[in-house]
Amino acid sequence: MPTLLHIDCSMRQDSSVTREITAIFVEEWRQANRDGKYVYRDLGTSPIPHADEAAVVAGLLPREALNDYQRVAWAVSEPLINELREADTILLGVPMYNYSIPSVLKVWFDRITVKEHMIGDPTSEGLLTGKRTVVVTARGGAYGPGTPRERYDFQTPYLRALLEQIGLDRNLEFVHSEMTLAHSVPSLEQFKPIADASREEAVKAVCRLALAS
Ligand SMILES: Cc1cc2nc3c(=O)[nH]c(=O)nc-3n(C[C@H](O)[C@H](O)[C@H](O)COP(=O)(O)O)c2cc1C
């Protein structure tokens, strides 16, 4: 039975492009995997507490050696880690905030990047290697090759690096929706056709990727 772990983290609800595109992936995936298990986590509405020292130390010690503080901290991290380990496909909806990722998603990475998941050498196998990861991004502007803002894209390379250190970069796809602000910022109105074309491409891409999972 295949398992899909779906994580959204936009602070927006109804108007969120990442939520819209990840929901299309999920709909297609569920049609194609009727016996599949679907797990959803919304970091936008239910953020995880920041990892503290107890949480980090708890990830390094055997469970029976944890003190009370570490046990409480581990109780937050453990379900996130278990969800990740049980998933075959991981779907992340990631808005660009200040050229990078939402802080609520950074906290998730701080919690799940434990010693047992880290692979050290990027070519070696780890506990998470073999899983498939699809990252759906949305950006207010455009950051593709040749655009004036290309060098400000700290979102894609950062996510790639985070995923690489836990072995989730081997089967990794990015789907970008760009110029999303063209529909809400009057000075960007001229870019609406680019925004619409980018969204259309993203929908096609997730439909294809959902069926391939
Ligand atoms: C706090 C915040 C910071 C943002 N920073 C950027 C940015 O650095 N570059 C950019 O192109 N768009 C930026 N945006 C616009 C979002 O990337 C854009 O609205 C995107 O569609 C958000 O994803 P969503 O539609 O799923 O909410 C920012 C939006 C917010 C709310």
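Predicted model: local features only at pLDDT ≥ 70, side-chain atom pairs only at ≥ 80, totals over all residues.
His6 is located in strand S1, which spans residues 3-8. With a relative accessible area of 3%, His6 is buried, because values under 20% fall in that class. Its side chain forms a polar contact of 3.1 Å with the side chain of Asp8. Beyond the neighbours within four places in sequence, the residues in contact with His6 are Thr22, Val26, Tyr38, Val39, Tyr40, Arg41 and Leu91.

Aromatic pairs were examined next. A pair of aromatic rings is described by the distance of the centres and the angle of the planes. Four aromatic pairs were counted in the model. In one of them, the ring centres of Tyr38 and Tyr40 are 6.3 Å apart and the planes meet at 15°, so the pair is stacked. Tyr38 is partly exposed, at 25% relative accessibility, and Tyr40 is likewise partly exposed, at 37%.

For Tyr99 and Tyr143, the ring centres lie 6.3 Å apart with the planes at 75°, so this pair is edge-to-face. The two residues are 44 residues apart and link distant parts of the chain: Tyr99 belongs to the loop between strand S3 (89-95) and helix H4 (103-112), and Tyr143 to the loop between strand S4 (132-138) and helix H5 (155-164). Tyr99 is partly exposed, with a relative accessible area of 28%, whereas Tyr143 is buried, at 11%. Together with Tyr152, Tyr99 and Tyr143 make up one aromatic cluster.

Charged groups also lie over aromatic rings. The charged end of Arg149 is placed over the ring of Tyr152, 5.0 Å from its centre. Arg63 lies over the face of Trp74, at 4.1 Å from the ring centre.

Note on methods. Residues numbered from 1 in each chain as written. Heavy atoms only, no water. Helix = DSSP H or I, 4+ residues; strand = E, 2+ residues; numbered from the N terminus. Buried < 20%, exposed > 50% of the residue type's maximum accessible area, 1.4 Å probe, protein only. Polar contact = N/O pair within 3.5 Å; in protein donor to acceptor, adjacent residues only side chain to side chain. Contact = heavy atoms within 4.5 Å. Phe/Tyr/Trp six-rings, centres within 6.5 Å; stacked < 30°, edge-to-face > 60°. Lys NZ or Arg CZ within 6 Å of the ring centre and 35° of its normal.
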